[in-house]
Amino acid sequence: MRINERLKRVASYVDDNSYIIDVGCDHALLDIYLVKTKKNIKTIASDISDGPLEYAYKNIEKENLLNKIKITKRNGIDTLEKEVDTIVISGMGTSNVLDIIFRNKDNLKNIKKIIISSNNDWYTLRKVFIKNNYYIKEEDIVLENNKFYPIIVFEKGTKKYKKYELKYGPILLKSNNEVFKKYIEKEIDKLNNIKNSLTNKYLIKKIKLKKEIRFLKKI
C-alpha cells in the first residue's frame with residue numbers, strides 16, 4: 001500500500017513499542033504503515049465521520065490487520081484508553097488540532113509524545129503548546145504538491161522560545177534542511193511583496209518587514 005512522504009516522515013517520529021491514537025485517521029494509511037514498519041506497535045485509527053472509517057476498515061481488512069489496528073468513531077480524544085502514550089494528528093488545521101488536544105487536558109496525563117503536522121498557522125500551534133507546558137522535541141518539514149508541511153513533535157516540559165523561533169521553528173532554524181531553505185526563500189518573496197505594496201503611511205510596518213527579511217536572509 002502506497003503512503004505519501006508526509007505520512008512516512010510523521011511515522012519516523014513514532015517510537016517502537018508505542019500505543020498510538022491516529023486522530024482523523026482518514027483511510028488509516030499511517031496506521032497500516034506503522035504496524036508494518038515499527039516493532040510492537042499498537043494503534044487506534046479514529047475519526048469523527050463514518051465515511052473515512054469505512055475506507056479505513058476496507059484498507060485494514062485488505063492488509064489482514066484487523067487484529068492489530070483498532071478502528072473507532074470518536075470526537076478527538078474525548079475518550080482515550082489509559083494505555084495510549086502517543087497522539088498523532090496529521091492533515092488538520094491548527095484551530096482544530098488545538099481544540100482536540102486541549103479541550104481534554106485530563107486525558108493527556110499518560111501521553112508521552114504528541115506528533116502534529118498541521119496545515120496552517122504553525123506559530124499559534126507552537127505558542128499554545130508551549131503555553132501548556134510542552135516543549136519542541138523534534139521538527140521536520142516536507143514539500144508536497146507545492147505546499148510546505150512542518151512536522152512538530154511535542155513532549156511534556158518547559159522551555160523558553162523567542163517569537164521568531166515560534167514562528168519558524170527553533171530546531172528547523174538551526175538545521176541544514178534543504179526543504180526549510182526553500183520555505184524561507186518563499187517567505188522572503190512573500191514579505192518583500194507585502195513591503196513593496198505598502199505606502200510610506202505604513203513606515204513602521206515596512207521597517208519591521210525589512211528587519212524580518214534581513215533575519216531570514218541570514219538563514
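Visitor: Which residues lie nearest the centre of the largest pocket?

Guide: This is a predicted model, in which local features need pLDDT of at least 70, side-chain atom pairs count only at pLDDT 80 or more, and totals for chains, interfaces and linings use all residues. Residues are numbered from 1 along each chain as its sequence is written, and side-chain values use heavy atoms, without hydrogens and water. A pocket is an open set of points on a 1 Å grid where a 1.4 Å probe fits, with protein on both sides within 12 Å along at least five of seven lines; lining residues have an atom within 4 Å of a point. The lining here has 13 residues, and those nearest the centre are Lys163, Lys167, Tyr168, Lys208 and Glu212.

Visitor: Which element gives the most to the lining of the largest pocket?

Guide: Helices H6 (163-168), H8 (178-197) and H9 (203-218) each give two or more residues; helices are DSSP runs (H or I) of at least four residues. By class, the lining holds 5 nonpolar, no polar and 8 charged residues. With 5 residues, the element that gives the most is H9.

Visitor: How much space lies in the second largest pocket?

Guide: This pocket is lined by 15 residues, with Leu7, Gly24, Cys25, Asp26 and Ser90 nearest its centre. Its lining divides into 7 nonpolar, 5 polar and 3 charged residues. The space is about 260 Å³.

Conventions: Ala, Val, Leu, Ile, Met, Phe, Trp, Tyr, Cys and Pro count as nonpolar, Asp, Glu, Lys and Arg as charged, and the others, Gly among them, as polar. Grid points are joined across faces, edges and corners, and a volume is the space filled by probe spheres set on the points.
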